[in-house]
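Reader: I would like to go through this entry with you. May we look at it together?
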Amino acid sequence: MEFLVTASITFAATLFTLGGLEVAAENAATWNADHVSDYFWSIEADPNGSEAERLAYEILSEPVDWSNSELCRIVDPQSVAVE
């Protein structure tokens, strides 16, 4: 009988601990994703700024041709029909 009680308590404690770790990991991942997206998406395109701002300026200064991209083939049914 003592074995069953000990095993049940150990099992319940393990489930509780793993559940707590899972919730903490999800909350940390959500917070990190929000924090990182706010940091990276607020970079201004400045040719005389920091390295990240200069890179953003270089990327945005050239027009991007999205006609052959995989995303356009998925989203635009006409481009799929043409192929």
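Reader: What is the mean pLDDT of the protein, and what share of its residues reach 70 or more?
Author: The mean pLDDT, the predictor's confidence in each residue from 0 to 100, is 78, and 69% of the residues reach 70 or more. This is a predicted model, in which local features need pLDDT of at least 70 and side-chain atom pairs count only at pLDDT 80 or more, while totals for chains, interfaces and linings use all residues. Residues are numbered from 1 along each chain as its sequence is written, and side-chain values use heavy atoms, with hydrogens and water left out.

Reader: Where is confidence lowest, and where is it highest?
Author: Helix α4 (residues 77-82) is lowest, at a mean of 55, and α1 is highest, at 87.

Reader: How many helices and strands are there?
Author: The protein has 4 helices and 0 strands, in the order α-α-α-α from the N terminus. Helices (H or I, at least four residues) and strands (E, at least two) are DSSP runs, numbered from the N terminus.

Reader: What percentage of the residues count as buried?
Author: Of the 83 residues, 5% count as buried. Buried means under 20% relative accessible area, exposed over 50%, and partly exposed in between (1.4 Å probe, protein chains only).

Reader: What about Arg 54: where does it lie, and what is it in contact with?
Author: Arg 54 belongs to helix α2 (residues 51-61). Apart from neighbours within four places in sequence, Arg 54 is in contact with Asp 46, Pro 47 and Gly 49. Arg 54 counts as partly exposed, since its relative accessibility is 38%.

Reader: A change of topic: where does Met 1 lie?
Author: Met 1 is in the segment before α1 (2-40). Met 1 is exposed, because its relative accessible area is 78%.

Technical notes. Contact = heavy atoms within 4.5 Å.
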